[in-house]
Amino acid sequence: MYIIRSFQIFPVLVWNEYDISCSFVPHMLAKYDKYLGSTPSKRTHKWKEAYEQTRDFTKLQYINLPGPVMKGSIQTILNYVMTASYLSALPSEKKEKVREDFASIFRGTKEHDMIIIPFNTDVFCCNKL
């Protein structure tokens, strides 16, 4: 556990990111990217430009920490995948096709097999000038 104590107020941005060292995660990310379109995403780093272009904050500091681990059946993992805002907003017919597309990553996995997905936690912070 990490505790950050400060007497100042400063922005802290925290994301749990899939750990790309897991063999099927790059395939999942490619599918996410396929459906992302112009939706803002942490992975595009466009958000970072706002901090880098302003003179209101110090340079972003970054730390990468071990993150949580998701465990579940194929259905549990697919339910989680489909919570991405740009996927959950799709019409029902399209959602089912997208779900099937993600399910193709796990072909050969039995319905009740435990799938383990590790995450890393990315933390960015800076100070207000």
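In the predicted model, helices H3 (74-81) and H5 (92-103) pack at an angle of about 125°, with their axes 10 Å apart. Helices (H or I, at least four residues) and strands (E, at least two) are DSSP runs, numbered from the N terminus. Axes are lines fitted to C-alpha atoms, for helices over the stretch in contact, and angles run from 0 to 180 degrees between N-to-C directions. H3 is therefore oblique to H5; angles under 35 degrees count as roughly parallel, over 145 as roughly antiparallel, 65 to 115 as roughly perpendicular and the rest as oblique. The crossing of H3 with H5 is right-handed, a crossing being left-handed if the near helix is turned anticlockwise from the far one by less than a right angle, and right-handed if clockwise. Gln75, Leu78, Asn79 and Val81 of H3 make the contact with Arg99, Phe102 and Ala103 of H5, where contact means heavy atoms within 4.5 Å. Four of these residues are nonpolar, two polar and one charged. In this grouping Ala, Val, Leu, Ile, Met, Phe, Trp, Tyr, Cys and Pro count as nonpolar, Asp, Glu, Lys and Arg as charged, and the others, Gly among them, as polar.

Residues are numbered from 1 along each chain as its sequence is written. As the model is predicted, local features need pLDDT of at least 70, side-chain atom pairs count only at pLDDT 80 or more, and totals for chains, interfaces and linings use all residues, while side-chain values use heavy atoms, with hydrogens and water left out.

H5 also packs against H1, at an angle of about 155° and with the axes 10 Å apart. H1 and H5 are therefore roughly antiparallel, and their crossing is right-handed. On the H1 side the contact involves Met28, Lys31, Tyr32, Lys34 and Tyr35, which meet Lys94, Val98, Asp101 and Phe102 of H5. The residues of this contact comprise five nonpolar, no polar and four charged.

The largest nonpolar core has 25 residues, and those with the most contacts inside it are Tyr18, Phe24, Tyr32, Val81, Leu87, Phe102 and Ile117. Such a core is a set of buried Ala, Val, Leu, Ile, Met, Phe, Trp, Tyr and Cys residues joined through side-chain atoms within 4.5 Å. Buried means under 20% relative accessible area, exposed over 50%, and partly exposed in between (1.4 Å probe, protein chains only). Phe102 touches Met28, Lys31, Tyr32, Tyr35, Leu78, Val81 and Leu87, not counting residues up to four places away in sequence. A second, separate core of five residues includes Trp47, Tyr51, Leu60 and Phe124.

Phe119 lies in strand E3 and is buried, with a relative accessible area of 7%. Residues up to four places away in sequence aside, Phe119 touches Asn16, Glu17, Tyr18, Asp19, Pro66, Gly67, Pro68, Met70 and Tyr80.

Glu96, in H5, is partly exposed at 42% relative accessibility. Its C-alpha atom is separated by 9.7 Å from that of Met82, 14 residues apart along the chain.

His45 is found in the loop between H1 and helix H2 (46-53). Most residues other than glycine have a negative phi. His45, although not a glycine, has a positive phi of about 65°. At 34% relative accessibility, His45 is partly exposed.
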